[in-house]
Amino acid sequence: MKPELRPADIGFAMTTSSWLSKAIAWFMSSKWSHTFMIAGELNEHTMTVETSDFEVYAAPFGHHLRTDKRVEVYRHKSLENKEAIEAVAQAMIHIGETYGYLQLFSLGLRRLLMRVGIKIPNFIRQGLVCCAVPLYGYKATKVHPLSMIDPEGIDTEELYQIISNHPDFELVLRYPGTS
């Protein structure tokens, strides 16, 4: 059965077989290591806009549906189709931008300091990390609360906490079906 996903849905993923995914999740104090946005349909495939190890790119959503993956996808309940298309367009503008490894380091250090009660801003802005991609998209929609967030200022866990606890967002897919 194909999941019912729509443009601008936001997904969170964890590759349980990857040491890098596990390390990212640990540094971010999260059960997730990755964020992506549903871009729409192409040749009967649901596509995402997200980061790889190297850059922002478009990829088939199906690569997240593996036995070594956990995935949750959320939808803004009142996002109109026109706004969703604009959000995807704004996220896709970043296709080809390099991955922000130094920014990932900054966010990891920031998260470690948060564990002891010290909150600092993200101090390295080089390339893009995964959670920035959907945030740049939603910035164009004026949808609260995401349009007010600095796309390069938070990490995946912070984005997950905002979306999963906000009444305007609903869980539309959990894979493999349990968390």
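A pocket is an open set of grid points with protein on both sides within 12 Å along at least five of seven lines, and its lining residues have an atom within 4 Å of a point. In this predicted model, the largest pocket is lined by 22 residues. Nearest its centre lie Ser 21, His 34, Thr 51, Ser 52 and Asp 53. The space in this pocket comes to about 380 Å³. Strands β1 and β3 and helices α1 (19-27) and α3 (101-115) each give two or more residues to the lining. Sorted by class, the lining residues are nine nonpolar, nine polar and four charged.

The strands come next. Strand β2 covers residues 34-42, and seven of its nine residues are buried, so β2 is largely enclosed by the rest of the structure. Buried here means under 20% relative accessible area. On one side of the pairing, β2 is joined to strand β1 (residues 10-15) in the antiparallel sense over four bridges, and Ile 10 stands opposite Met 37. β2 also runs antiparallel to strand β3 (residues 45-51), with six bridges between the two. In that pair, Phe 36 stands opposite Glu 50. β2 and β3 form a hairpin with two residues between them. Asn 43, in the turn, has a positive phi of about 50°.

At its start, a side-chain oxygen of Asp 155 reaches to within 3.0 Å of the backbone nitrogen of Glu 157.

Notes
Residues are numbered from 1 along each chain as its sequence is written. This is a predicted model: local features need pLDDT of at least 70, side-chain atom pairs count only at pLDDT 80 or more; totals for chains, interfaces and linings use all residues. Side-chain values use heavy atoms; hydrogens and water are left out. A polar contact is a pair of N or O atoms within 3.5 Å; within protein, one must be able to donate a hydrogen and the other to accept it, and residues adjacent in sequence count only if both atoms are side-chain atoms. Buried means under 20% relative accessible area, exposed over 50%, partly exposed in between (1.4 Å probe, protein chains only). Two strands pair if DSSP finds at least two bridges between them. On a 1 Å grid over the protein atoms alone, a cavity is a set of points where a 1.4 Å probe fits but cannot get out, and a pocket is an open set with protein on both sides within 12 Å along at least five of seven lines; lining residues have an atom within 4 Å of a point. Grid points are joined across faces, edges and corners, and a volume is the space filled by probe spheres set on the points. Ala, Val, Leu, Ile, Met, Phe, Trp, Tyr, Cys and Pro count as nonpolar, Asp, Glu, Lys and Arg as charged, and the others, Gly among them, as polar.
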